[in-house]
Every structure is written in C-alpha cells, then in structure tokens.
Amino acid sequence: MKNLIFIFVLCCLSGTMAFAQQIDYNLQSTYVADGYDVVSYFSNQAEKGSSKFTHTHDGVSYKFSSEDNLRKFKENPTDYVPQYGGWCAYAMGSYSDKVTINPKTFEIRDGKLYLFYNAYFTNTLDKWLDEGAEGLKTKADKSWEGIKFK
C-alpha cells in the first residue's frame, strides 16, 4: 500500500513538473506569432492565420491560413514553432530580454523561424544581420535557456 501511495504521489509531482515546464511564449494577441501562420514563413511569406484553422500545441494556440498548413503543423509541430517562444531574436541575443515582435519581420535560419521587433524606426532584423546573426544566435540560445520558464 505504501508503494502504491508513493507511486501516486510521484506521478502527481511529475505531472505538475511537466505542466510547469511550459515555456513562456509570446502571446501578445493570445496566439503565437501574433496570429500569423507559422508554416507560411517557411515559404518566405508572412500570412495572417484564420480562426477557421487553429490548433493548440504545448498549451498555446496557433492560427493557420489554410487546412494544408494546419495539417503540416500537426504532423511536425516542432519544425514550425518559433525560436525563443516567439520573442524577438535580436533582443534575446543582445539584451537577454523578451521583447514583442512584428510578425511580418522574420528570418528562416538553419530551418528555424526567428521573429523580430520592427517599429519606431527600429528594425531588429537589420541589426541582427549587421551585428552578426550567428554570434547573436549563440548568445540568444544561451540566454533563452536561462529565462524561458519565467
């Protein structure tokens, strides 16, 4: 009986820990990527998603512009999830900070989606490229590990 109780408590704690491990996604409009279709970026387009085509993955919601893109996402969601939870890649690499994005400003690098802030005469994608994307990416990866659950 004690073993059964121990196993039950252990399972409950594991479930709680797994839930607590969800990363801090940028949900400025309740959807990842401000409601833009994360699959469309891989065709070099920033398309708004439709409320007809939505899906939840890792506890957060995504919109898609078509049934086909929704299907692609469902087949391999981790291929399309934006890096750093959809926060600005430049700010993550340069300041170790979570900054909102402009969903029309993006880069696909090494098969991954990076989103950027772009407003008030500041396009951080330009800064990302000018200041050395690979070095900033390395810094951003390290920074994200330390703040992704906050």
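This passage describes the fold, the surface and selected residues of a predicted protein model. Local features need pLDDT of at least 70, side-chain atom pairs count only at pLDDT 80 or more, and totals for chains, interfaces and linings use all residues. Residues are numbered from 1 along each chain as its sequence is written, and side-chain values use heavy atoms, with hydrogens and water left out.

The protein has five helices and six strands. Helices (H or I, at least four residues) and strands (E, at least two) are DSSP runs, numbered from the N terminus. Along the sequence, these elements follow the pattern α-β-β-α-α-β-β-β-β-α-α. Of the 150 residues in the protein, 39% are buried. Buried means under 20% relative accessible area, exposed means over 50%, and partly exposed lies in between (1.4 Å probe, protein chains only). The accessible surface comes to about 8,700 Å². Carbon and sulfur atoms supply 54% of that surface. Accessible areas come from the Shrake-Rupley method with a 1.4 Å probe; for residues, only the protein chains shown count as cover. Contacts (heavy atoms within 4.5 Å) were also examined. Among contacts in the protein with a separation of 6 or more, 56% are between residues 24 or more positions apart.

Thr-124 lies in helix 4, which spans residues 124–130. Thr-124 is buried because its relative accessible area is 6%. Neighbours within four places in sequence were left aside. Beyond them, Thr-124 is in contact with Cys-88, Tyr-90, Phe-116 and Tyr-117. Lys-142 belongs to helix 5 (residues 133–147). Lys-142 has a relative accessible area of 68% and is therefore exposed. Lys-142 and Ser-96 are 46 residues apart along the chain. Their C-alpha atoms are separated by 8.8 Å.

A search of the whole structure finds eight salt bridges. A salt bridge is a side-chain nitrogen of Lys or Arg within 4 Å of a carboxyl oxygen of Asp or Glu. One of them pairs Asp-68 with Lys-72, with the closest N and O atoms 3.6 Å apart. Both residues lie in helix 2 (residues 67–75). They are four residues apart, about one turn of the helix. Asp-68 has a relative accessible area of 34%, so Asp-68 is partly exposed. Lys-72 also counts as partly exposed, because its relative accessibility is 29%.

Helix 2 also holds Glu-75 and Arg-71. This pair forms a salt bridge, with the closest N and O atoms 2.9 Å apart. Here too the spacing is four residues, about one turn of the helix. Glu-75 is partly exposed, with a relative accessible area of 48%. Arg-71 is partly exposed at 38%.

Another salt bridge joins Glu-134 to Arg-109, and its closest N and O atoms are 2.9 Å apart. This pair links distant parts of the chain. Glu-134 lies in helix 5 and Arg-109 in strand 3 (residues 102–109), 25 residues apart. Glu-134 is partly exposed, with a relative accessible area of 40%. Arg-109 counts as buried because its relative accessibility is 16%. Elsewhere, salt bridges that share partners join Asp-68, Arg-71, Lys-72 and Glu-75 into one network.
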